[in-house]
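Please examine the sequence and the coordinates shown below before reading on.

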Amino acid sequence: MISDSGGGSKIRLIGRRMFILTAAKAVVVFGVVGRLISLQINESKKYKTLSDKNRFREWKFAPPRGVIKDYFGEEIASNEKVFQLHLIPENAENLSALIYRLKNILKMSDKAVFRIQKKIKSQKPWDPVIISDNLTWAEFSRINLFLHELQGVEPIISVARVYREQSSSHVIGYVSKISKRDLQKKNYLANMKAAGMRVGKTGLENKLDSEIIGDVGHKRYEVNAFGKRIKEVSIDQGKSGKSYKTTLDLELQNLSANLLKDKAGAICVMDIYRGDIITMVSSPTFDPNKFVHGINTKDWKELINHRDKPLVNKAISGLYPPGSTIKGLVAISALENDVVNTKMVQQCSGSIELYGEKFHCWKKKGHGFVDMRKAIKESCDVYFYEVARRLGIDRLSETARAYGLGDTMVKGFFEEKTGVVPNTKWKKERIGKSWYLGETLHSGIGQGYWQTTPMQLCLMTARIANGGYDVEPRIVLGEKSKFSIFAEKKKNPKSLEEFFNSDVSNEFDDTTIDLGYKPLFRNQENINFVKEAFFGATNEPGGTSYGSRLNKKEFMYAGKTGTSQVRRITEKQRELEIKNEDLPYEQRDHALFVAFAPYSEPQYSISVVIEHGGSGSKSAAPIAKKVIKKLLERHPLRQQIHDNYIGEDV
Amino acid sequence: MYSTDGGQFAYHTKSHIVRFLLFFLLFFIVSFVKTSFWYSSATLFYLGILFLLILVKFFGLTSSGSQRWLDLYFLNLQPSELMKIGLILFLAKYYHNISSGDVNKFRYLAQPLLALLFPVILVITQPDLGTSFLIAVGGIIVVWLAGVKMKFFAYLGGLFLLSAPVAISFLKPYQKSRILTFLDPSRDPLGAGYQITQSKIAIGSGGLLGKGFLEGSQSYLDYLPEKHTDFIFTLFSEEFGFFGSMTILLIYILITWRIVSIGHTLRTSFGRLYCYSFATAFFIYVAVNMGMVLGLIPIVGAPLPIMSYGGSSMMAIMIGLGIVMSCKIHKDQSLG
């Protein structure tokens, strides 16, 4: 037998030491349990989130943009099916071989391949890279043919913006890829970074962008530690952007664009009561579709270097001296301020000498004795020199501002320019010099410092034509405007037009003035006088736009021509009687025309500007005539739709 | 185990169950063998396993940079796991024969120290820090229970601290980074800290009730490393939550308590020393493993007894438990 040395005392010693060990174990157990409680109970939420963050990965995709329609429901900016090719780098077996293969199949340039490689490096290996977002059908089918050997590549059918007509490129604008500046400017883009996402850059696409862009969809996958997709957990289709109806008439847009073909200029048409912009066309135009998938350098350079600046929306960004189209406004200002009356007569002998300077009338041999109506009708410059002299520039500028000049009027268009309404204060601040009386005279016929956009001229005409109320332009149907608020209050918008044309004094009380339009006049007779003089200018022999009149009674309109100089005419040139057509293009006069129609029951105002087009009566008025005819032909149709809208969105 | 393969039976589960049954049989055989046999062959076992450890040095299989296994055709044997039991058995016998008065004599201190250092050095150079640590702990427990004075442990501890800087210079880079990473897991979240971070996420996300059987997303999506061996507790905690992990902990405490209470009934120093030491070592294996996956101590590579996948570890534990049972069954017999 082997002895157990020590016996009882040893066993006791072992027992004692075991007790110490057991106590130590208890401490360890408390430690482990405490840790379990802290991890699994106290901080469980945090770790659950972390675990989900591990598990799920999202792929975002762009929603279809809302459609932009005209007043009649015609789509101006629509969506079309496009074939895209995505590449997910981590799914490719041999990435460089795959890219080489794609290069051959799609005949890509080295530069394009380089761009793709750079893009792949800049993002996570599971994020798709768009190889092409607009494959032709031939390319798409070729890819599908070779698809079995192109692992990592996904042909995708998606939707992209398409613009069917180029007539509305400026007012609608265009979309393109999101730039850094867009991200800074538009906060809502922060969570919108998805493959193929487009953002509105100009025009309505920009103005309505936050609503029209929609909500991004996403596919959420469960992925394993190596990034492999295990299963689709959820799919959110996103939300298509809101679609919008506008006040535009696509048919008139197209007609106007056609009339301006090969010319530089703009045409604006608006409803003088509702403020609805019916036409806003600028020429020359460009193809907005080129921007959707990224414009190439050659096309871009062509657009940028073009003499007539196709990218500029001349209707709201083109600045022109208004020329004689301002004369109606000058007359109103003078009459309202009691400076002259309509009976004032002035002799025009072709020129007048004032303050040691000679001021010429456009008609070299002069108009003879003219009163105000004739001065407007035949556009006598000498008469308006005299009116302006008596009126003074500051009173004139006040009236001009009231009638919509010198400020941006179309909401949400960053492109819109304010223009210039000159006065003594303005000159002191901007140029730093005192005002000369001679400059007042030039201003009286719309020359000198004046800068106006075609849209402002159209609005000015509308405010005269509606009897002198501060209508405001709008372009998006349903957008709140003074008119819609007013119409809601009145509950009977149809009688509104009668109301505007009726004697105002007994119907206007203070509450309606607050809600609706503010009268811009002191005595509406003055407005009516100018409207009637415009009628003479178009419909009576001797009138400046008599040649462009419409004879059918319900089509008869009233308008005022304008020819604005872009250079100073020297005495020498005057003697030589150089014809405008013989001048170099850049020195030729701008041709302008403003009008409202029909005269009997005014409904619309129009402005036409032809850059370097010569005289207003020869080149601008005939174009306006064609637009007005179409406009009035389509009026019943428009009215019908308007009646249907009432109660919905006015 | 079934859960680690996402519900595929054949891969690990089958093998684990077969092994469990096999070693359960071994457990029974060991139980019915007289304690005196284990007592008398303890030295032989120790030397035999030491021999195997030396064999590993020359003929061992290498896997992930460390040479630990012997290829026995039906099983890759990891002698270092067996050494955990072998050393306890050997030292229990050693102290059985020494009177409490002699324990603190230098002559009787040197022998156990050598018996301890040999295998530890062999294992540490495999390299396998975790197992060598656990072997050493097992040995030290026996020495402690045998009554060696505190001051010697203090000396040993001091010596260890002094040699630590030298020892660290011998550590492999991955071992160093594990220790550094333990101190600050966010130091390298995708590298060495990855395991700790993912394990904590898995356990924490289990919550009170767990994600459910086979629903542990951290595990089946491969975020969790070594989920069927060292991190089996993590997987269990993720799927069965706080209640599940508490249950497991409780079972291990019960096993430990049971071994201790068996030891308490024994009359021989050998039996008591062995049972107490084995119970404590068993508890420490569990504590080290759990502490590791819970991020309380550095990742050292220590399996969870019985649950972790691994033949040698299970074999060692089963033999160890078998000897405990043998002590219980044959408690009235003398060791002679």
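## A sheet in chain A

In what order do the three strands of the open sheet in chain A stand? The order is β1-β8-β9 (chain A), and the pairing is antiparallel, where two strands count as paired if DSSP finds at least two bridges between them, and where strands (E, at least two residues) and helices (H or I, at least four) are DSSP runs numbered from the N terminus. Because β1 (56-61) and β9 of chain A stand at the edges with a single partner strand each, one side of each is left without a neighbour in the sheet. From one strand to the next the twist averages 25°, with axes taken as lines fitted to C-alpha atoms, for helices over the stretch in contact, and with angles running from 0 to 180 degrees between N-to-C directions.

The antiparallel pairing of β1(A) with β8(A) extends over six bridges, and A:E58 has A:R220 in β8(A) as its bridge partner. Across β1 and β8 of chain A lies α2(A), which runs at about 55° to β1(A).

## Basis of the model

This is a predicted model, in which local features need pLDDT of at least 70 and side-chain atom pairs count only at pLDDT 80 or more, while totals for chains, interfaces and linings use all residues. Residues are numbered from 1 along each chain as its sequence is written, chains are lettered from A and ligands numbered from 1 in the order in which they are written, and side-chain values use heavy atoms, with hydrogens and water left out.

## The contact between chains A and B

The contact (heavy atoms within 4.5 Å) takes 42 residues from chain A and 58 residues from chain B. Between them the two chains bury about 4100 Å², of which 68% is on carbon and sulfur atoms; buried area here is the accessible area (1.4 Å probe) that two parts lose on being put together, summed over both. Of the area that chain A buries against chain B, 17% is supplied by A:I14, A:R17 and A:Q40, more than by any other three residues.

The elements that give two or more residues to the side of chain A that touches chain B are α1 (8-42), α2 (44-55), β8 (217-223) and β9 (229-236) of chain A, and the largest share, 22 residues, comes from α1(A). By class, this side has 22 nonpolar, 11 polar and nine charged residues, with Ala, Val, Leu, Ile, Met, Phe, Trp, Tyr, Cys and Pro counted as nonpolar, Asp, Glu, Lys and Arg as charged, and the others, Gly among them, as polar.

## A sheet in chain B

Chain B has an open sheet of three strands in the order β1-β2-β3, with antiparallel pairing. Its edges are β1 (61-63) and β3 (76-77) of chain B, each with a single partner strand, so one side of each is left without a neighbour in the sheet. Three bridges join β1(B) to β2 (residues 66-71) of chain B, and B:S66 in β2(B) is the bridge partner of B:S63. Helix α2 (residues 35-59) of chain B packs on the sheet, touching β1, β2 and β3 of chain B, and its direction makes about 110° with that of β2(B).

## Backbone details

Most residues other than glycine have a negative phi, and most peptide bonds are trans. The peptide bond from A:S283 to A:P284 is cis, with omega near -5°, and A:P284 is placed in the loop between β12 (277-283) and α11 (289-292) of chain A. The bond from A:A597 to A:P598 is also cis, with omega near -15°. A:D262, a residue other than glycine, has a positive phi near 65°.
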